[in-house]
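Dear colleague,

I am handing over the structure we spoke of, and I would be glad if you could look through it alongside the notes below.

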Amino acid sequence: MNSTSTDGGILTFTPNNIDDSYIYEQFACLESIAQGYDSLSFNIKGPEAASVSIELQTVSDCASEEYQSFYYTLDGLSGSLQTINIPLNSWVDANLDGIVGVLWYGFSAGLTGTDNEWQLDNVQFLCADVAPPEDPEPPESTSAPAGPGVTVTVTVTVPADDDSITRIPLPPTAPGSSVWPTEDPPWWEDDPWDGWSASSTLPAAVPATPTPTAEPRTDRNQLVARQDECSNLLIDDWVSQSRLTFLYYNALLQSTSDDETMKSIVVKNNRVTITPTDTDSYFYTQLGCINAEQYGGVSLRISAPAGSTFDVQLSSTKGTCGTERTNDVTLSTKQLGWTFDGTEQLYSIPFSKYDGLDLTKFEMVFITNLRKAVTFGPMSLYCGEEVVEYIPPSVVEPSEPSETVPAPVGKATNLVIDTFSNEDTNALKQWHGADEGMTLTFRKNTMTLKTNDSDLIDLTEFDGSYLHVAYTGSNLFTVSLQQHNEKCDNDIYPYPETWDSLEAQRYASDTDIYIPLDHFNVNRSRSIGFAFKGFYSTDPTVFSKIEIVSSVPDGFTIPEKLPSGTFVFSCKRPNSFAFAIDDGEPAFAQQVMKTIDDAGITVTFFTVGAPLRDPTTNLSAIYNEMAAKGHQIALHSYTHPPLEGLPDEASIDWEYSNDIEAVKETFDGLTPKYFRPPFGTEGARMRQRLAALIEEPYIVQWSVDVEDWLWAESDTPEKQLEAFKRDVAAGGDIVVMHYLYNSTVSYLKEFIEIAKATGKQLMRVDQCMMDPNAPPLPGEEPEEPGEGVPEKGD
């Protein structure tokens, strides 16, 4: 603890951090049932909306010297001193006639992130025939409790008598968020309580094995019903790197993760390659407590080096789905009869070999004890005894126009932009160079570029006929022409104001790229530079010349210009300002809404599609409430990958199509045409494919970055305010922020006040872009129903 005090007969304390700080009470072995106690009561005060967990420590009998731990979590504290009464039977499977200690831990920060003072008082066990106490009278200045009621989550990590491992899911969280504990053994592994007697100290906890950090994504009291007719059930098709390692979802939208125990997890071609850090590394995928009696087992393809071995554990829930401890049965690959020779083969995990597994409540597949990298193919449940594998559908690349257009001779004279004779400047004596993460090698009037990322920028001021790039090597990248802002002022945001991106491969032979300058949909009178970016191959490219030429060689064909949407960093409407907010933590949503409501403004929310389909996030209800209040709902991809870095256009289409369908399902047919690229990653392919699926889309970037990703969880979260003020002062008017962090959400009110102080009118992105389908601003004549007021099938 940072500080503790018992002034006034109340324990007041300030936790150091959520992972390490705790308060505990120990006492002689209490036989609560025999003595008539049925609940634990205490007064507690924490920050508003904060949570705290309570560990009940029990022994098998009062003569035992080892205790076992059982857990209970309180969410949504009121912010004032309140009485909590917890029935002892809430700690499921705990021996209530052997209670030896109570421990409070996991003190969260609450809404603001600044109020971290806690109080604890009046800890007592209550008799069954005595009414529990009521909340203490709050001070006059304290409002009535507003938080939700107590919710129960239970976790047990106790070895069973047969040396099998008992595991219980931890409290549910939003996709991608961490949960306590983040590693195992947990914080008490180095516990100073190294011995126990009734009058001294408690013992060190029994070491626990790794525990998955997420709960089955299903209703806590609902068992998935058995189907009348069996059909194979896909668990995971390994179709998306970001779904697996960013959102932690399998194909069932259930939790799956390695809890960062693996050295790497790579998804490619419907396969996942898992490389362990050591034998303690593990990987699990959950099924949501399904009735699997109709299935014979799990099928999957595996490729592993000769001599590889690992363990496969299957788990079922012992009691009510999602709340009770699990029954785990573990078999090694040798016990399953598996051998490996480095080639991919089909394997089966037959349920018949897993004695003791309750198939009516099948919970999880858990892989551990790996020593070498292993590659798994799609994992699915097969019906009956016949082993049937899941075969992913063939990837069909989207078709593109094959027409070519005439290549007219330009009127402009040729202009050599770069021959790469100088490392610092181009042939126009303007700067050229590379972004971080790129390697440039200059040699004999050539430049070799090798990258895992993007952006070589070669500035120029020219408008002509054709851009000619002489090159060898990879042409899997984007060529962009950048446009300056109206005042041609580098200190005014945004700079550049916009750019258009074209796919180099479409305009390329093996050695030359010819792109008509009028294919770049920008104001070429304000051209400031070409950018080579959006590389989606690590193969090197050697550039030898960049120039503007008036004609192309005989026989060279020019492809049709593909639509690429409108790429924006700033508002079009004069004197406007838009808050464009990306997905966040559902727990903060109501505070965000209250802050926005109090400010009397409307904003745009960019939402990721997959979590909308996950009922445990409650995001569909949250965003429907936001839409009902007049806020704009926009697209942000299905699983949040850097889209331009995906290997093919089919993968990009998969992201868009699933995102569009998820939004349609959630918002009564709504199809937004506004999209924000995850991580701001932009390139020709992702723009062209979006424009192929949505007519005239807007790709929305930002000119005001609060930099929450950099500062929110640092020691200087106030730098988010500094970043906001800096960008607003420079003329920025479209914001990027997330409601992921306490500090960011707590600063939202100040962000809004700063924006209002500029005199600009705050509104949605579609309104600031003067979209005729956007709802009218206050005082404007209403338009015909459009995106702003979605109708069925819109």
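This is a predicted model: local features need pLDDT of at least 70, side-chain atom pairs count only at pLDDT 80 or more; totals for chains, interfaces and linings use all residues.

Residues are numbered from 1 along each chain as its sequence is written, and side-chain values use heavy atoms, with hydrogens and water left out.

Strand β16 (residues 282-290) has nine of its nine residues buried, so the rest of the structure largely encloses it; buried means under 20% relative accessible area, exposed over 50%, and partly exposed in between (1.4 Å probe, protein chains only). Strands here are DSSP runs of E of at least two residues, and helices are runs of H or I of at least four, numbered from the N terminus. β16 pairs antiparallel with β21 (residues 362-368) over six bridges, where pairing requires that DSSP finds at least two bridges between two strands, and Gln 286 stands opposite Met 364 in β21.

In helix α3 (residues 589-599), the buried residues include Val 592, Met 593 and Ile 596, and α3 is followed by Gly 600, whose phi is positive, near 70°.

The whole structure holds 22 salt bridges, each a side-chain nitrogen of Lys or Arg within 4 Å of a carboxyl oxygen of Asp or Glu. Arg 687 and Glu 682 form one of them (3.0 Å, N to O), and both residues are buried.

Best regards
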